[in-house]
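User: Please look at the structure shown below. I would like to discuss its salt bridges with you.

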Amino acid sequence: MTERLRIAVIGYGTAGQALAILLTRDGHEVEIFERVPTPGPVGAGFLLQPSGLQVLWQMGLLDAVRAHAAPVHRLYGDTPCERAVMDMGYAGLDPRLHGLGMQRGALYSLLDDARAGAGQLHAGTAIVDVDSAQGRVRDASGRTHGPFDLVVAADGAASTLRAGIAGGTRLDRVYPWGALWCLLPAGDWPHLDQLRQRYVAARKMIGLLPVGTRPGDDTTRLSFFWSLPRTDFERWQRDGMAPWLEELHGLWPQASARFAHLQEADQLARAVYRDAVVTQWHQGRLVLAGDAAHAMSPQLGQGVNMALLDALALRDAVRCHGGSEAALRRYQAQRRAHVAVYQRWSRWLTPLFQSDRDGWARARDVLLGPMGRLPGGRGHMLRVLSGTQQGWWGAMSLDPAFIDALANAPAPAAATPLPATA
C-alpha cells in the first residue's frame with residue numbers, strides 16, 4: 001500500500017463486513033454505515049462455493065468457517081415421483097473440492113469477530129445520498145460525513161445508491177417469484193452432505209440445505225425454502241398452515257419428519273429477489289460492491305460468494321493503484337468478467353425452476369441430465385456450480401494450497417443428532 005485512505009463502506013452485510021476486514025488490515029481508515037440500529041444477519045442459509053471459500057482462506061478464516069459449516073458434496077433434485085432432474089457432485093470437477101453449507105448468522109458472527117472492532121461502525125445510520133465528486137455522504141437525518149477518498153456502496157440488492165452512477169444501471173427489476181424460508185433441526189436427515197431439492201414442474205420448488213451450527217447453538221440445522229409467486233404471499237398467509245403443510249408432506253413424504261417442526265406461519269420469513277445489471281460500477285469516488293453491483297436470482301446460489309470476491313478484488317485494486325480511478329477500472333474489469341456469465345445463466349435458468357411455464361419444465365426434466373453428460377458440458381456445469389466459471393469458456397484459478405487446505409482441514413466434530421421426533 002502506498003497511501004492510507006479514508007474509506008466509507010455503506011452496508012454491513014457480507015460484502016461490507018469483508019471489505020471492512022480487508023481494508024482495515026491494510027491500514028486504511030474505514031467507517032461503516034449500517035441503516036439498522038442493531039446489525040445482524042438476514043436470511044436462513046447459503047452454500048459457500050470454492051470461489052468464496054478461497055477468499056475466506058486468504059483471510060485466514062477457513063478453519064473458523066469449517067468449524068460451524070456442513071460439507072456439501074452433491075446437488076440433487078428430483079420430482080415427487082423420485083425421477084432425478086439434476087445430479088451433480090463436486091468430485092466430477094476435482095475430488096478434493098466441495099461446498100460448505102452455512103447459516104447466515106454463523107458467517108455474520110465470524111466476520112464480525114474477525115473485524116475485531118476495527119473501523120468505526122455507525123449503526124442506525126441510513127445513507128441516502130453520495131456526492132461522488134467530493135466523497136461526502138449524507139444520512140437520513142441530514143448530517144454529512146466525510147470527505148472520503150473512496151465510498152463503497154454495499155447496500156444490497158435493493159440499493160438506493162447505485163442510481164448515483166449516471167447511466168450505469170441497465171436493468172433493475174424484482175423477480176415475480178420469491179420464497180418462504182426458515183431453519184429446521186437436521187435430526188436424522190440422511191442427506192447431510194447434499195443439497196436436496198424437489199420440483200413440481202417449475203411452479204413449486206422445495207429445498208433442504210445442510211447448514212451446520214452457529215456460535216452459541218450446537219444444533220445441526222437445515223435451511224428450508226419453498227418458492228412461490230410474490231403475489232401469493234398474502235394468499236398463503238390467509239389460507240393458514242394446514243392446507244400448505246398437507247401439500248408439503250404429500251409432495252415430499254421422505255422429509256416429513258423435518259417438516260413436523262413447521263407449525264406456525266411466524267416461523268417462515270419471506271424473501272424477494274432482484275435482477276440488476278450495472279454497466280458502470282463506479283463514478284468519481286463512488287464504487288459498488290456485492291448485490292448493489294450485481295443482484296441476481298438465487299438459483300445459482302452465488303450471492304455470498306460474489307460478495308467475498310468483490311471485497312478481495314477491490315482490496316487488491318486499491319493495493320496496486322490507491323484510491324485512483326485506475327483502481328476502480330481494474331476492479332470493475334476483473335469482477336464484471338466473472339459476474340456477467342452468472343447473471344445471464346441465472347436469468348435463463350430461473351424460469352425453468354420458478355415460473356408457470358410447464359412446457360419449459362418438461363424440457364428441463366428431459367434435457368438437463370443428458371446435457372450434463374455431453375463432452376465438456378458436465379465440466380462447464382460444475383464450474384458454474386462451484387463459482388469458478390470465468391467468462392463463457394475460461395475457469396477461475398484456484399490456488400493449489402487452498403485446494404489442499406480444503407481437502408485436508410480437519411472436519412468439525414459431529415453434533416449429536418436429535419431424535420426424529422425432536
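User: How many salt bridges does the structure hold?

Analyst: This is a predicted model, in which local features need pLDDT of at least 70, side-chain atom pairs count only at pLDDT 80 or more, and totals for chains, interfaces and linings use all residues. Residues are numbered from 1 along each chain as its sequence is written, and side-chain values use heavy atoms, with hydrogens and water left out. A salt bridge is a side-chain nitrogen of Lys or Arg within 4 Å of a carboxyl oxygen of Asp or Glu. By this criterion, the number of salt bridges in the structure is 26.

User: Is E31 buried or exposed?

Analyst: Buried means under 20% relative accessible area, exposed over 50%, and partly exposed in between (1.4 Å probe, protein chains only). The relative accessibility of E31 is 7%, so this residue counts as buried.

User: How many residues apart in sequence are the parts tied together by D404 and R96?

Analyst: The side chains of D404 and R96 form a salt bridge of 3.3 Å, N to O. D404 lies in helix α13 (residues 400-408), whereas R96 lies in the loop between β6 (84-89) and β7 (99-103). Helices (H or I, at least four residues) and strands (E, at least two) are DSSP runs, numbered from the N terminus. The pair therefore ties together parts whose separation in sequence is 308 residues.
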